[in-house]
Amino acid sequence: MEDVNIDENAPTPTPTTQVTEEEPVGLEDDADKIIKLLTRGIRERDVVSIFGMPGLGKTTLAKKIFKDSSVVSHFDVRAWVTISQSYDVRELLRNIYKQVTGVKYDDGESDIADVLRKCLMGKRYLIVLDDVWEVDAWDELRLCFPIGKQGNRIMLTTRLKHVAMEVKNCTDPYSPRFLTKEASWKLLQEKAFQKETCPPELQDVGVQIAEYCKGLPLTVVLIGGILAKKERNVSEWCEVANNLTSHHGSVESESNLAIQLSYCYLPDHLRHCLLTMGVFREDEKFGASKLMLLWVAEGLVQCSDERGLEEVAEGYLSDIISSSLLMVTKTTFDGKVKYLQIHDLVRDFVLNKAKEEKFMQVIGTHNQYQPSYDEEHRVCIHLDHKLRHDLERFNNKVDIFLTSGSTSFGQDLKSFFVTNNADDFLAYRDFWSSESSFHGTISEEYLSRSYHFSSVGDLKLLRVLDFKNCIPGDYTNIVDILQSLVYLRYLGMCFEKFFFEWVSHMCDLETLLVDSERIVEGTPNIWKMTKLKHVDVGTLLPREIFAISEEGPSKLENLRAFKGMCLCREDIELIERFPNLQKLLLVIGDSDIYEVNSLVLKLDVLTQLQSLVLGSICNITKYYLPSSLKELILRAVNILASATSTIAALPNLQRLIFQRCIFEQEEWDVRDMEFPVLKILKFQSIHLRGWHVSESSFPMLESLVLRSVELLEKIPDSFVDIGTLTSIKVIYCDDNLKASALEIKEEVEATTGCDNLKVDILPHYSRYTT
């Protein structure tokens, strides 16, 4: 699902040369025409459809329109969802509800469709339905969108003209034009040279190459990615031109040729990395960190110098992105890639190439549904409606289904993935959160959504096992299954309850991703897992797991990320046994539950730590934090005035978030402090009566987010003088605070003469301007 909702956490950072935000070229006239269709015309709800062949830039055009300032100011609320071929109506409605209201939908409430319809009544809304493949999708959603008389609009993108025609209400569907020769050449230069200019000797051949792309934006972007990697001489560029001219065909075949050429120009190791994209579902946004962890676990990352595998993997990712075969959808506060997406055409190519080269077999999601194994070492199952129906014949026993067409399945399997849609996964979470899970009552609905993998233990050579969003059907033999998998490097699974002993024998395990409601206390077997690099659990690992064992090592020097550590105040020194941590989620408890004790927090031994999420029931009187820290998120922490100066002095701190924190005397006074490089400051669910700031407190601040901040009525006046400030977001706060944000915007505009400060307010506020 694509969520183009207000991002509370960060503004879009300045991208690097490898991470560039897609800028529409040659679509300006199309955008102007569609904006007029959205903001003018009939008062009743209307559907404005954008249709055309894949790679024409429909989604790029829709994004440009969605973010246009005149569109933002015209509509009270906006939401964006991607439909794709396989979709779940409830998940789409949840996504829209979250964007419209700013909060997640509570499944305990009444029917989501009815709730959403009532939320939209009386508001002028714009809903974008991207990548619609069939009219049924519109039919299942349209009753949630009130017709009204406010000028409501649905903007829909589709490859199929008949879909656009059938959903038409008043406005005729719109098909973007192909790029002109001039626009094609401009876009090609942007992709090939970034911010540099094209050398004169490459002008003629460059113009020819742009013409060979036949006006299709995707083809231009891919060829531009190839040229960006080439030497800047005529012969190298002529080689690309000759490859294009040697193939004569339709515009569609030209885009496929561009993908093929991009793939061929990649070195062998990057080709294999690209082929792993088949494990992600159509239109899925996937994490860059997960992708790189998979590459490392698969043995696709080779390191022959002093650099670590993670650093080499980042280089691999940068190279593929610069080839335009992957799209960056979100970056972190410090400009690194956070989420990625692969274009449908590129994904289709990847699936076909992976099958052709016997790299991986992908089953489901409109690819193929009958397993037929030859020499593949990787199998990925994307569960969808048709595949679920087929599995019912095998009582949802995935392993029996897989072996129905072959007796050799699993003998040489190295990687096994099963992905599921969000609604089935939520059913798993809902089930284990209910009281029935503690009384042995299993509903028929749950059983129909769960899957059995009893033979996975026979896959002795597995290195990668990822069932993280798939509902397990039977836990009785989970210990036996996991005990036989001794070569695993990457494990992602769901558990109702999780015992660390289940995996402590996996001496090669590097990545452990567990989604669990409960972690059961266990023996300190974590110290045997010396290769662990990344641990992310859905809850907190209890202190017993970290007790020092007399057997074996007592340090995990390879560990880089640990999300889910719980230590008591008296055990905090154990943190020294993870000396190379870069990311940490830590909750500090206290053995004395009847008294709140003080704590001097000493984490400065973690000299490589960059991101810290910290919760504590103790009063932290002083912080000793490493100077390397870039991100600090404090959750349910008492913020003492005496401790704030230590945080302010961190030389590299760029992102600071307070969630459910309690400020001493409900005030935060930083007049005598300076946060030298802080870019993002966020307060969420706190009580704050007074906030005192000097003109020099936040010299580099770019984004301020205030969400559910009670009592505070005014943003300090000195925020007007912060020249770097580009975004203020006020969500579910007092009207006086909302008015204060708008006053700052108006004063900045009056002082500078520029509209550089964007103010977002939810729910909609009557004085809201952009």
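Contact means heavy atoms within 4.5 Å. This is a predicted model, in which local features need pLDDT of at least 70 and side-chain atom pairs count only at pLDDT 80 or more, while totals for chains, interfaces and linings use all residues. Residues are numbered from 1 along each chain as its sequence is written, and side-chain values use heavy atoms, with hydrogens and water left out.

Q: With which residues is Gln-654 in contact, leaving aside its neighbours within four places in sequence?
A: They are Phe-333, Asp-334, Lys-630, Val-677, Leu-678, Lys-679 and Ile-680. Gln-654 itself is in the loop between α22 (641–648) and β22 (655–659). Helices (H or I, at least four residues) and strands (E, at least two) are DSSP runs, numbered from the N terminus.

Q: Why is Gln-654 called buried?
A: Buried means under 20% relative accessible area, exposed over 50%, and partly exposed in between, with a 1.4 Å probe and protein chains only. Gln-654 has a relative accessible area of 12%, so it is called buried.

Q: Is Pro-676 buried, exposed or partly exposed, and what makes it so?
A: Its relative accessible area is 28%, so Pro-676 counts as partly exposed. Pro-676 lies in the loop between β24 (667–669) and β25. Beyond residues up to four places away in sequence, Pro-676 touches Ala-648, Leu-650, Pro-651, Pro-699 and Met-700.

Q: What makes the pair Gln-684 and Lys-682 a polar contact?
A: A polar contact is a pair of N or O atoms within 3.5 Å; within protein, one must be able to donate a hydrogen and the other to accept it, and residues adjacent in sequence count only if both atoms are side-chain atoms. The side chains of Gln-684 and Lys-682 are joined at 3.4 Å, and the pair is listed as a polar contact. Gln-684 sits in strand β25 (residues 680–687). Not counting residues up to four places away in sequence, Gln-684 also touches Phe-658, Gln-659, Arg-660 and Arg-707.

Q: Why is helix α14 described as largely enclosed?
A: Nine of the 11 residues of α14 (residues 288–298) are buried, so the helix is largely enclosed by the rest of the structure. Among the buried residues are Leu-291, Trp-295 and Glu-298. Gly-299 follows α14 and has a positive phi, near 80°.

Q: How do you know that strand β9 is largely enclosed too?
A: Five of the five residues of β9 (residues 378–382) are buried, so the strand is largely enclosed by the rest of the structure. Arg-378, Cys-380 and His-382 point one way, Val-379 and Ile-381 the other way, and all are buried.

Q: What makes β9 a partner of β8 and of β10?
A: Two strands pair if DSSP finds at least two bridges between them. Strand β8 (residues 361–364) and β9 have four bridges in the parallel sense, and β9 and strand β10 (residues 415–419) have five, also parallel. Cys-380 stands opposite Val-362 and opposite Phe-417 in β10.

Q: What makes the largest nonpolar core a core?
A: A nonpolar core is a set of buried Ala, Val, Leu, Ile, Met, Phe, Trp, Tyr and Cys residues joined through side-chain atoms within 4.5 Å. The largest such set has 112 residues, and Trp-668, Phe-698 and Phe-719 are among those with the most contacts inside it. Helix α23 (residues 735–752) gives the largest share, five residues. A second, separate core of 74 residues includes Phe-193, Leu-244, Leu-266 and Trp-295.
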